[in-house]
Amino acid sequence: MSTMPLPSDGVSMPEKNGVKFGPPSSPDVSSAPKLHQVSLGPEQERKLWRKIDLHLLPIIVMMYLLSFMDRENIGNAKLEGLMTQLNLTGSRYNVALSVFFISYGLFEFPANIILQFVRPSRWLSGIMFAWGIFMMSMGFAKTYAQLVAIRFLLGVAEAGFFPGVVFLLTMWYPRYKLMYRIALFTGAAGAAGAFSGLFAYGISFMNVGHLEGWSWIFIIEGLVTMVISSIGAFVLVDYPNTAKFLSAEERQFVEQQRFIGTVEDEEGTVAQRVLSAFLDWQIWVSGLMLLSFMAPAYGITFFLPTILNDFGYSVPISQLLTVPIFVIATIIMITVAHFSDSMKLRSPFIISLEFVGLIGYIIQITDASAGVKYFGTYLAVIGLYAGVPCAVGWLANNLHGRYKRAVGTAIQVGMGNLGGIIASYVFRIQDEPHFILGFAIQIGLMCMGLFAAAALLYAYHRSNVARIARAKREGLNPAEYAADLYVI
């Protein structure tokens with residue numbers, strides 16, 4: 001971290017929007033449309049955002065719920081005969097896990113570029129239908145090679161969904177309404193953990209024809225995914241300026257609110273805008289921070305049923321015991337996001353949640369009883385799952401310009417999903433039942449995340465102090481330089 005450029009009165013951080021700080025008369029400071037300003041009363045505004053939420057979020061939440069279930073249900077299938085029928089000996093199971101994240105990480109960036117030219121309702125629904133086909137196909141896999149190949153294709157199809165939805169939400173909500181909405185749809189990941197446990201418990205009693213229970217987990221979830229994607233193609237809305245459920249005045253108000261405290265101008269060609277994202281150090285540090293949440297989160301998700309089984313619980317009970325953990329984590333995730341938006345702060349919540357997850361993981365490597373370790377899994381899942389939308393939302397708040405935000409979000413999420421590869425290999429079969437190596441590596445990653453969050457906080461604070469001092473020397477009032485301040 002010692003090479004990170006830190007701001008001062010003499011040295012500035014890279015500008016959030018890729019242009020120089022300047023007075024309000026500069027055309028680069030605000031690109032908000034110069035239209036008649038629309039005003040709504042508090043009650044009218046609440047009704048408007050509620051209407052937008054109801055049109056946008058339910059289908060997104062359902063789609064992401066299935067996305068996360070489809071990628072993590074292999075952990076449940078592991079206990080239902082997958083290992084023996086496909087002869088997943090040695091590191092084969094770990095390879096099957098990790099190959100998904102290789103293709104997922106590689107295709108996130110190009111997927112978000114494609115989204116700039118394709119309607120979100122068509123793109124997101126289309127890739128969902130594709131991964132539904134791959135998920136169903138996995139239920140008919142007969143060999144290890146077939147399983148690995150389908151998992152790779154599943155990663156290609158799912159790659160564009162999460163960063164695509166985050167980008168779509170940034171096009172609808174102003175910065176201090178964004179985190180709560182990201183948490184609402186990301187909360188589907190926690191709900192997916194709960195549903196996967198319940199679903200696997202019911203499927204475990206199902207052996208129809210020549211297929212075992214693990215096959216039906218993949219087949220049924222794949223069919224449901226395809227049905228929901230078809231609905232999404234007609235229900236999912238695109239951007240505010242094309243939303244038919246909004247009046248012209250409401251569309252203008254939404255665009256107007258989104259520009260408050262932000263700068264949307266981007267100069268140069270598309271290639272130059274994309275390059276500016278790759279050269280922005282905050283994106284890479286934010287990616288490391290997200291990795292520190294997602295690697296341990298994937299680890300606990302993939303191996304939680306196995307860990308609980310190793311505590312001495314039967315397979316069906318182990319599946320059921322995962323349910324309340326994810327339900328509580330989802331509730332806390334949404335609650336944290338609400339207060340983060342209300343208080344207009346990100347970093348204190350991120351650092352606190354990283355500590356909670358860290359404590360939960362440390363408990364797992366102690367000699368504590370099974371009951372205490374089960375409580376530790378609550379802390380781990382709560383801290384890690386609730387931290388993901390905070391980390392994603394923090395960077396999204398501090399990136400401006402359509403292309404830079406799209407590319408930056410994809411890079412960050414791609415780095416975060418490298419955690420899936422790490423989690424796939426550090427929890428090794430030969431380390432059961434204690435998984436000391438896996439827990440130790442994940443603890444190290446969380447410590448790295450704390451340093452990354454602290455570095456971002458320090459850099460953003462230094463930059464804001466310098467910019468406020470400079471603005472005051474130029475006689476600007478706070479409203480005139482707010483767009484150039486970083487969210488901390």
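**Notes on the predicted model**

1. Helix α1 spans residues 42–72, and its 31 residues reach 42 Å from the first C-alpha to the last, close to the 45 Å expected at 1.5 Å a residue. The model is predicted. A bend of about 35 degrees occurs in α1 at L57, with a proline, P58, following within four residues.

2. As to the overall fold, the chain contains 17 helices and zero strands. Of its 488 residues, 59% are buried. Among contacts with a separation of 6 or more, 82% join residues 24 or more positions apart.

3. The largest nonpolar core has 133 residues, and within this core L169 and W172 touch the most other members. Helix α14 (residues 370–398) supplies the largest share, 14 residues. Another core, of nine residues, lies apart from it; A277, I283, V407 and M415 are among its members.

4. On the cysteines, the structure holds zero disulfides. C390 has a relative accessibility of 1% and therefore counts as buried, the limit being under 20%. C447, at 30%, counts as partly exposed.

5. The accessible surface of the chain comes to about 18200 Å², and carbon and sulfur atoms account for 69% of this area.

Technical notes:
Residues numbered from 1 in each chain as written. Predicted model: local features only at pLDDT ≥ 70, side-chain atom pairs only at ≥ 80, totals over all residues. Heavy atoms only, no water. Helix = DSSP H or I, 4+ residues; strand = E, 2+ residues; numbered from the N terminus. Expected span 1.5 Å × (residues − 1). Bend = angle between axes of the 7 residues up to and from the residue. Core = buried A, V, L, I, M, F, W, Y, C linked by side-chain atoms within 4.5 Å. Buried < 20%, exposed > 50% of the residue type's maximum accessible area, 1.4 Å probe, protein only. Disulfide = S-S within 2.5 Å. Contact = heavy atoms within 4.5 Å. Areas by Shrake-Rupley, 256 points an atom, 1.4 Å probe, with all protein chains shown as cover.
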